[in-house]
Amino acid sequence: MALLVLFGQVAVVAAAEVLQVRSGNLLQVGDQNRSYPVRLGCIAVDPADSQAAAEWLRQRLPRQARVNLRPLGSESGVLISQVTLLSSGDDLGSGLVGAGLARRLSAEAAPMACPDPSPAELTTQTRQE
């Protein structure tokens, strides 16, 4: 837990914990007394790569790994979010793209808050297409 001081007020910030990797782009996350599904935003995982993407996530996310969520929206009760591993600062979506297991969504399909892909991600994505 960390303390956050904003405008003279102290707030307690608790990271979410990964409870389970459910698929190549879906996590079960919990914070305090809640548990909810989180889909990795800004990326698409091909169904053929879903198993390998899930294994990649499991290797990087042991149970109760602490993550930071940057919500982008929700769909059918599933939070869509960018997910960053607190221990390293690594964005999981970018990691899957870098590993060749996912691709960035096009600007038209991605939520407004999605970051622009890095030059390395653009090169990887161009090779995959």
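Here are some questions and answers on how the terms used for this predicted model follow from its values.

Q: What makes up the protein chain, and in which pattern do its elements follow along the sequence?
A: There are three helices and nine strands in the protein chain. Read along the sequence, they give β-β-β-β-β-β-α-β-β-α-β-α.

Q: How do you know that strand 4 and strand 5 pair?
A: Pairing asks for at least two bridges between two strands. Strand 4 (residues 26–31) and strand 5 (residues 34–40) have six bridges in the antiparallel sense, so they count as paired. Within this pairing, L26 stands opposite R39. The hairpin of the two strands has two residues between them, and Q32 takes a positive phi near 55° there.

Q: What makes strand 5 and strand 8 a pair, and in which sense do they run?
A: The same cut-off of at least two bridges applies. Three bridges join strand 5 to strand 8 (residues 78–85), and the two run parallel, so they meet the cut-off. Across this pairing, R39 stands opposite I80, while L40 stands opposite S81.

Q: How many bridges join strand 7 to strand 8?
A: Eight bridges join them, and the strands run antiparallel. One of the facing residue pairs is S74 opposite L79 in strand 8.

Q: Which strands close into a barrel, and in what order?
A: Five strands do, in the order 3-4-5-8-7, with mixed pairing. From one strand to the next, the twist averages 50°. Helix 1 packs on the sheet, where it touches strand 3, strand 4, strand 5 and strand 8. The direction of helix 1 makes about 140° with that of strand 3.

Q: Why is strand 8 called largely enclosed by the rest of the structure?
A: Six of the eight residues of strand 8 are buried, so the rest of the structure largely encloses this strand. Over the protein chain, buried residues make up 37% of the 129 residues.

Q: What makes the approach of R104 and S94 a polar contact?
A: A polar contact needs a pair of N or O atoms within 3.5 Å, with one able to donate a hydrogen and the other to accept it. The side chains of R104 and S94 are joined by a polar contact of 2.5 Å, so the distance falls within the cut-off.

Q: Which residues have the most contacts inside the largest nonpolar core?
A: They are L27, L57, L61 and L96, in a core of 25 residues. Strand 3 (16–21), strand 4, strand 5, helix 1 (50–60), strand 7 (66–75), strand 8 and helix 2 (92–98) each supply at least two residues of this core. Helix 1 gives the most, with four residues. In soluble globular proteins, nonpolar side chains tend to be buried together.

Q: Which residues is L61 in contact with, leaving aside its neighbours within four places in sequence?
A: L61 is in contact with V18, V21, L27, V67, L85 and L92.

Notes. Residues numbered from 1 in each chain as written. Predicted model: local features only at pLDDT ≥ 70, side-chain atom pairs only at ≥ 80, totals over all residues. Heavy atoms only, no water. Core = buried A, V, L, I, M, F, W, Y, C linked by side-chain atoms within 4.5 Å. Buried < 20%, exposed > 50% of the residue type's maximum accessible area, 1.4 Å probe, protein only. Contact = heavy atoms within 4.5 Å. Axes fitted to C-alpha atoms, helices over the stretch in contact; angles between N-to-C directions.
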